[in-house]
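Work through the exercises below with the structure in view. Try each task before reading its solution.

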Amino acid sequence: MSTENAGVEAAVDATVELLREMIREACVNEGTEASGQEIRNVRVLQRFLADVPVETHVLEAAPGRASLIARVRGTDPTAPALGLLGHIDVVPVDPDGWSRNPFGGDLIDGEVWGRGAVDMLYLTAAFATVLREVALAPEKPRGDLVLLAVADEEAGGDYGLKWLMQQYPDIVDVSEVLTESGGMRMGSHVAIGVAEKGSAGRLLTVQGKPGHASIPYGSRSAVFAVGEILQQLSQVVPAAELGELWDAFVTARISDAELAERLRDPVRLDSAIAQLGGIAGYAYAVSRVTISPTVLRAGSAHNVIPGSGSVQLDIRTLPGTSDEDVDELLRAVLGPLADVTEITHLRGWDATGSSTETPLFAAIERAVEAVASAPVVPIMAAGGSDARFFREIGVPAYGFGLLGPEWPYERYREGVHGHNERIDLTSIELSLAALRHIVAERVG
């Protein structure tokens, strides 16, 4: 075995073992202050980086809600400072849907099983491995390399990156970022996340006339009013708005020329989406504002007709969509019901994106070509990530990764937050190899 091959194998082995350890810590984020307890994964990373010459900070936004920032200082203050942004929390599981222990970190037939294996502990582990390699190299890098292993991404970042950037901006200061939401295959292309939709949650509240459930005459249950809203929402589909990334997606993924032509036509788009199979959900999501009812509330006792009811909406927005646009869209969708519906703004943020005309994106393109002999396609993520916090202050951030050829977008989405989440060793090796190329070019 050559020295180079031995080094690659050792790096893969180290990443895999680190990934398995982090899965076993079960840092499950349920959206409450006490959940997550990412300090456990911080301790795993501290052990991994023990006796390595890096500057480290462990910062807690609340008891146990810890993030680790590890920086290798470069020799040239004018060189880029590359941030490797990985979250260390995971979403809850339904154990009944799993065929293995979701927190066992089992290595079976070349795959690591466990919650967070895909989203995104494999990449966080790869980031830590490459940071360790750079820190132990005989020569210091030109630019800074920074591991940002953060808490609370799965619940919006209030106890993670959002808090860190508010309280410790100097510690998390970087000039460019690699993070999650990339690496899946779109046809022969490798998808790289350059943008993500925004969020504009709304609470719709309607009133009825309460009364005793045994004498319903003269009362008006708010349940019926909520039902009318749901009926209206189910019948109205927001119009398609094809942004600048749409054509690249269609070109990369759709080989049927006639179907591709229909997908580029806003008038024929929706009938064409129905023919896309597993990728249809993604195509629908990134081609329009989406409105999804998620939480319903009305009444508290079985024998009381409720006088008020509400429905929460998860609304995901496209670039350039304002809060006023969302409210106008809702009023149009609700029609006459809008006059008797109170609309309250919930938590939200704007859609964000980074240019593809940056040195970092060019480095990603070259790395993917060198490792996988594949072109990249820039895509918009339908969901959110911590990348938005950096994009909002003008720092380019990209969804990175290099999954194996057997990983189309559908498989990636099935793994993220799904049952039996797992990642194969080939994808870990490819991602490590591409990451090494990028780090060498940008800060090496």
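Predicted model: local features only at pLDDT ≥ 70, side-chain atom pairs only at ≥ 80, totals over all residues.

**Exercise 1.** Find which residue forms a salt bridge with Glu111, and state which elements the pair ties together.

Solution. 
- Step 1: The partner of Glu111 is Arg411, with the closest N and O atoms 3.5 Å apart. A salt bridge requires such a distance to be within 4 Å, so the pair qualifies.
- Step 2: Arg411 lies in helix α13 (residues 409–415) and Glu111 in strand β5 (residues 111–113), so the bridge connects parts 300 residues apart in sequence.
- Step 3: Buried means under 20% relative accessible area. Glu111 has 17% relative accessibility, so Glu111 counts as buried.
- Step 4: Arg411 has 27% relative accessibility and therefore counts as partly exposed.

**Exercise 2.** Describe the contact between Glu38 and Arg65 and say where each residue sits.

Solution. 
- Step 1: The two side chains form a salt bridge, 2.7 Å from N to O.
- Step 2: Glu38 is in the loop between α1 (3–24) and α2 (39–48), while Arg65 is in the loop between β1 (55–60) and β2 (66–72). The two residues are 27 residues apart, and the pair links distant parts of the chain.
- Step 3: Glu38 and Arg65 are both buried.

**Exercise 3.** Classify Glu228 and Arg220 as buried, partly exposed or exposed.

Solution. 
- Step 1: Their side chains meet in a salt bridge of 2.9 Å, N to O.
- Step 2: Glu228 has a relative accessible area of 36%, so Glu228 is partly exposed.
- Step 3: Arg220, at 35% relative accessibility, is also partly exposed.

**Exercise 4.** How many salt bridges does the count come to?

Solution. 
- Step 1: The count comes to 27 salt bridges.
- Step 2: Some residues are linked in a network of salt bridges, namely Glu55, Arg71, Arg73 and Asp144.

Key:
Residues numbered from 1 in each chain as written. Heavy atoms only, no water. Helix = DSSP H or I, 4+ residues; strand = E, 2+ residues; numbered from the N terminus. Buried < 20%, exposed > 50% of the residue type's maximum accessible area, 1.4 Å probe, protein only.
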